[in-house]
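Here are my notes for someone opening this structure for the first time. Have the sequence and the 3D view side by side, and go through the points in order.

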Amino acid sequence: MDWNGIPREELIRWDRTIYWHPFTQMAEYEPLIFVAAEGCELIDIDGNRYIDGVSSLWCNIHGHRHPRIDQAIREQLDRVAHVTALGCSNPTSIVLAKRLVEIAPSGLTRVFFSDNGATAVEVALKMAFQYWRQCRPPRPEKNLYVALEGAYHGDTLGAVSVGGVERFHAMFRPLLFPCIRLPAPDTYRTPAGVPADRLAEYHLGLLEQVLRERHQEIVAVVVEPLIQAAAGMIFHPPGYLRGVRELTQKYDVFLIADEVAVGMGRTGRMFACEHESVSPDFLCLAKGLTGGYLPLAATLTTDRVWEAFLGRYEESRTFFHGHTYTGNPLGAAAALATLAIFEEEQTLAKLPPKVQHLAERLAPLRDHPHVGDVRQRGLIAAVELVRDKTTKEPYPWGEKRGFRVCQVARRHGVWLRPLGNVIVIMPPLAISLQQIERIVEAIADGIDWATSDC
Ligand SMILES: *Cc1c(COP(=O)(O)O)cnc(C)c1O
């Protein structure tokens with residue numbers, strides 16, 4: 001099929017040779033060109049339909065082309081597409097800031113907008129750092145962050161500095177600021193001799209040791225609440241997040257909660273922090289904030305932080321950070337509509353049967369000889385392939401097992417993107433029971449194919 005008079009073959013050639021795709025080996029890239037979407041389905045250039053099994057990379061919430069969001073963007077477009085936030089404002093972004101404060105965990109009363117997950121984290125890192133230099137009395141010796149192995153907070157250098165995915169980040173180590181790294185509290189691969197019910201306690205012990213010795217130098221602890229997404233959906237044990245909050249309070253260190261992936265209803269609650277009654281000092285949101293429509297992010301923080309930045313112009317206590325499209329009104333309009341839909345359609349109240357259905361359908365996969373683990377929280381699920389089920393030995397990265405599963409799924413009309421050996425299932429919250437069924441059937445078939453040689 002041609003597109004706007006451009007032959008299909010030309011588009012494919014340009015896509016292969018001009019358009020450099022992120023996290024994609026361009027020497028092997030096989031173009032897959034989506035021209036449209038409808039609800040939870042994507043439509044490619046040949047008219048094939050696929051269920052959007054990973055929400056167009058974890059961001060779509062209410063489905064594609066939701067009339068309510070489409071309409072909100074159109075109405076905003078009829079007023080103005082963009083005005084700067086540097087020293088001025090617009091009603092749509094103002095109201096969004098107000099709405100976010102209303103629904104956020106208590107104490108998060110101030111909102112700084114940016115345009116993607118990495119910048120939401122950069123903002124938190126820099127605000128926290130500057131805070132300690134401007135609080136009374138100043139604490140300029142605080143210049144270290146604590147983060148977890150396998151952490152992923154985005155791809156700009158500050159976010160990569162606190163990131164811990166070796167395959168993505170090791171190369172850039174010489175460019176990065178130092179960071180104290182603690183092992184991930186992984187409920188699947190636990191340390192020898194630590195029983196499951198003591199796992200949180202064990203990891204909190206490691207954190208407390210670091211905080212006890214070095215809290216004077218530590219700006220903040222940065223975590224992805226409950227689930228370390230890009231690491232391969234590593235699930236933390238219950239109580240860990242709560243414990244991190246208590247320890248950071250005890251030692252007067254900030255807690256930065258990166259809910260870019262887990263926020264906006266993904267885990268069954270609006271924010272993952274709610275599961276453990278945690279209010280962080282910084283809450284980072286992006287991905288689902290606009291329902292997966294437009295690049296917009298928010299970093300929420302407290303009165304305490306805000307106040308340390310107040311002063312006369314010439315004192316230079318200002319937060320000297322911003323992006324051209326900070327708080328873009330089109331994005332804000334999409335976000336406001338996204339939040340309105342949560343109420344109007346009772347999205348969260350309708351989730352439990354879907355979550356349950358997905359769990360029931362996935363359960364039989366546990367018996368597969370090459371499925372090491374099936375884990376799920378809300379509408380985030382992961383099926384981890386292993387070479388050896390008893391030792392949990394992974395398949396070598398280069399064998400692309402996860403990728404092969406997703407290739408087979410594609411033939412079933414289901415689009416997925418794996419994380420190495422981990423098959424990620426993260427559909428829009430608007431997904432139907434029948435679509436959930438199709439996703440799991442496609443994966444089950446894919447796993448049989450991709451592991452049949454061994
Ligand atoms: C995706 C992600 C980011 C980065 O968001 P971008 O919009 O891609 O910059 C940051 N943190 C987490 C937890 C993420 O999953």
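What follows is a set of numbered points on aromatic rings, the ligand, and a few spots in the backbone.

1. A word before anything else: this is a predicted model. Please read every number below as computed from that model.

2. Let's begin with the rings. A pair of aromatic rings is described by the distance of the centres and the angle of the planes. How many aromatic pairs does the count come to? The count comes to 11 aromatic pairs. One of them joins Tyr131 and Phe254, with 5.0 Å centre to centre and 70° between the planes, an edge-to-face arrangement. Follow the chain and you'll see that this pair links distant parts of it: Tyr131 belongs to helix H5 (residues 117-134), Phe254 belongs to strand E10 (residues 254-258), and the two are 123 residues apart.

3. Are Tyr131 and Phe254 buried or exposed? Tyr131 has a relative accessibility of 7%, so it counts as buried. Phe254 is buried too, with a relative accessible area of 1%. The cut-off behind both calls is that buried means under 20% relative accessible area.

4. Now take a look at Tyr145 and Phe177. Their ring centres are 5.5 Å apart and their planes meet at 40°, so this pair is tilted. Tyr145 is in strand E5 (residues 144-148), while Phe177 is in the loop between helix H7 (166-169) and strand E6 (179-182), so the pair ties together parts that are 32 residues apart in sequence. What about their surroundings? Tyr145 counts as buried because its relative accessibility is 4%. Phe177, at 31%, counts as partly exposed.

5. Ring pairs link Tyr131, Trp132, Phe254 and Phe282 into a cluster.

6. Which ring does the charged end of Arg110 sit over? That of Trp306, with the charged end 4.2 Å from the ring centre. Arg133 does something of the kind with Phe129: its charged end sits over the ring, 3.6 Å from the centre.

7. On to the ligand. Which residues are around it? They are Trp58, Asn116, Gly117, Ala118, Tyr152, His153, Gly154, Glu224, Asp258, Val260, Ala261 and Lys287. By type, this shell divides into five nonpolar, four polar and three charged residues.

8. Some of those residues come with distances to ligand oxygen. A polar backbone atom of Gly117 is 2.7 Å from an oxygen atom of the ligand, and a polar backbone atom of Ala118 is 2.8 Å from a ligand oxygen. With Lys287 it is the side chain that takes part: an N or O atom there is 2.7 Å from an oxygen atom of the ligand. How much of the ligand does the protein cover? On its own the ligand has 380 Å² of accessible area, and the protein covers 83% of that.

9. Next, two loop residues. Thr267 is found in the loop between E10 and strand E11 (282-285). Thr267 is buried, with a relative accessible area of 4%, and its side chain makes a polar contact of 2.9 Å with the side chain of His275. Gly327 is in the loop between helix H10 (303-308) and helix H11 (329-344). At a relative accessible area of 6%, Gly327 is buried. If you'd like a sense of distance, Gly327 and Pro237 are 90 residues apart in sequence and 35 Å apart in space, C-alpha to C-alpha.

10. Last, the backbone. Where is there a cis peptide bond? The bond from Arg136 to Pro137 is cis, with omega near -10°, and Pro137 is in the loop between H5 and E5. Then there are positive phi values in residues other than glycine. Ser56 has phi near 50° and lies in helix H2 (residues 55-58). Asp252 has phi near 50° as well, but its place is in the loop between helix H9 (240-250) and E10. Ser56 counts as partly exposed, at 27% relative accessibility, and Asp252 counts as partly exposed at 30%.

Note on methods
Residues are numbered from 1 along each chain as its sequence is written. This is a predicted model: local features need pLDDT of at least 70, side-chain atom pairs count only at pLDDT 80 or more; totals for chains, interfaces and linings use all residues. Side-chain values use heavy atoms; hydrogens and water are left out. Rings of Phe, Tyr and Trp (its six-membered ring) pair if their centres lie within 6.5 Å; planes under 30 degrees apart count as stacked, over 60 as edge-to-face and the rest as tilted. Helices (H or I, at least four residues) and strands (E, at least two) are DSSP runs, numbered from the N terminus. Buried means under 20% relative accessible area, exposed over 50%, partly exposed in between (1.4 Å probe, protein chains only). A charge sits over a ring if NZ of Lys or CZ of Arg is within 6 Å of the ring centre and within 35 degrees of the ring normal. A residue is near a molecule or strand if one of its heavy atoms lies within 4 Å of it. A polar contact is a pair of N or O atoms within 3.5 Å; within protein, one must be able to donate a hydrogen and the other to accept it, and residues adjacent in sequence count only if both atoms are side-chain atoms. Accessible areas come from the Shrake-Rupley method with a 1.4 Å probe; for residues, only the protein chains shown count as cover. Ala, Val, Leu, Ile, Met, Phe, Trp, Tyr, Cys and Pro count as nonpolar, Asp, Glu, Lys and Arg as charged, and the others, Gly among them, as polar.
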